[in-house]
Amino acid sequence: MTIAITGADGYVGWPTALRVADRTDERVLLIDNFARREWVEEIGSVSATPVAHIEERLAAAREIHGLTNLSFLEGDLTERSFVDQLLEVHEPDTIVHAAAQPSAPYSQINGERANYTQHNNMQATRNLLWGLEEHDMTDTHFVETTTTGVYGAPEFPIPEGGATMENQEERDEVPFPAMAGSWYHLTKSHDAANMRLAHSQFGIPISDVRTAIVYGTETEETRADDRLKTRFDFDYYFGTVGHRFCAQAVAGYPVTVYGKGEQRKPFISLEDAVEGLAQLAVADPDDRPEDLTVYNQVTRAISIVEIAETIADVGTEMGYDVAVEHFENPRDEDETHKMEIENDRYASLIECQSQTFEDGVRDIFETLGRHEATIEAHEDRFLPGVLDED
């Protein structure tokens with residue numbers, strides 16, 4: 001058996017690969033084209049934590065954790081010839097598809113980057129799904145990390161997957177409508193629809209894992225050695241809100257809350273995100289879902305104000321002078337939206353939450369405290385700005 005993990009050089013993909021390799025004796029094939037490193041460099045930023053070369057990472061995994069079942073394949077999933085070779089040679093029984101351009105702000109910079117994001121993300125998914133059909137591999141379990149952003153910000157509780165539509169006193173269960181708010185999020189709405197079609201037409205068993213905003217710097221496996229660390233982005237374009245706030249605090253900047261900040265967003269720790277993906281990846285073939293199953297990969301919704309105040313409290317506790325300031329919101333959004341999102345299926349998968357937001361923030365401060373100089377050298381990327389173009 002082979003378990004393939006795409007986007008395996010990324011923030012979630014790398015620690016997921018370590019967890020999966022530790023949970024199975026089967027071969028775990030890592031796939032990436034290192035584009036995330038290029039995108040972050042393009043916007044003038046860098047990972048706060050040094051990211052080792054993939055060969056150094058694999059050597060550390062063997063040395064520290066005894067993981068001899070990891071191997072790596074470099075390639076671009078938007079190239080159909082590469083996907084064909086991947087499937088013909090390696091014949092994966094499970095694919096965890098975590099490869100994507102994941103930044104909504106990056107996709108909104110201009111039309112070129114919107115086009116790139118949509119082509120990159122959707123073409124890769126279509127190539128994999130059609131490849132499984134055309135190579136007679138429709139028993140392969142296809143697991144994709146989409147996003148809770150496909151739901152938008154409705155005023156009703158968000159279901160775990162579909163929705164109920166009523167019209168003229170009749171009702172039916174339908175796929176949740178694409179309510180994405182960015183060109184990036186819309187790629188995942190299209191992926192969700194394409195996966196549904198692939199399941200319907202080809203019978204591929206699919207797990208659509210709708211990932212919330214992920215926070216944290218460590219998992220059980222990455223703590224053991226600096227060479228095993230995952231990346232940590234803190235700029236406006238690739239740094240998520242909690243990560244950017246923590247980096248601002250470390251650099252001596254006020255935590256910048258846009259507008260009222262009372263809107264709630266879905267969150268999950270890196271540890272809890274990795275655990276769910278690993279559970280799906282190593283599931284016994286007899287226990288795999290035969291249908292298309294949607295998981296809301298979230299542990300709780302947190303308001304932006306609560307995020308900022310928690311970061312200020314933990315930062316102060318750890319010796320930083322953290323102030324919280326409100327700025328005019330550059331985004332068109334409801335600043336008081338109280339998101340409710342169901343997650344029973346995912347909660348059952350991971351059994352219980354392993355790390356609270358507060359503990360995740362402590363991890364972040366402990367990590368960033370070692371890399372203050374890197375953050376301070378790129379502090380001009382905390383806020384949106386005009387990128388330098390060639």
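Two residues are in contact when heavy atoms lie within 4.5 Å. On that basis, residues 24 or more positions apart account for 82% of the contacts in the protein chain with a separation of 6 or more. The model is predicted: local features need pLDDT of at least 70, side-chain atom pairs count only at pLDDT 80 or more, and totals for chains, interfaces and linings use all residues. Residues are numbered from 1 along each chain as its sequence is written, and side-chain values use heavy atoms, without hydrogens and water.

The protein chain contains 13 helices and 14 strands, taken as DSSP runs (helices H or I, at least four residues; strands E, at least two) and numbered from the N terminus. Its radius of gyration is close to the value from the globule rule for 390 residues, so the chain is as compact as a globular protein of that length. Here the radius is taken over C-alpha atoms, and the rule is 2.2 Å times the number of residues to the power 0.38.

| Quantity | Value |
|---|---|
| Radius of gyration of the protein chain | 20 Å |
| C-alpha box along the principal axes | roughly 65 × 60 × 45 Å |

Of the 390 residues, 56% are buried (under 20% relative accessible area; exposed is over 50% and partly exposed in between, with a 1.4 Å probe and protein chains only).

T293 lies in strand β12, which covers residues 292–297. T293 is buried, with a relative accessible area of 15%. Leaving aside neighbours within four places in sequence, T293 is in contact with I206, S207, D208 and R345.
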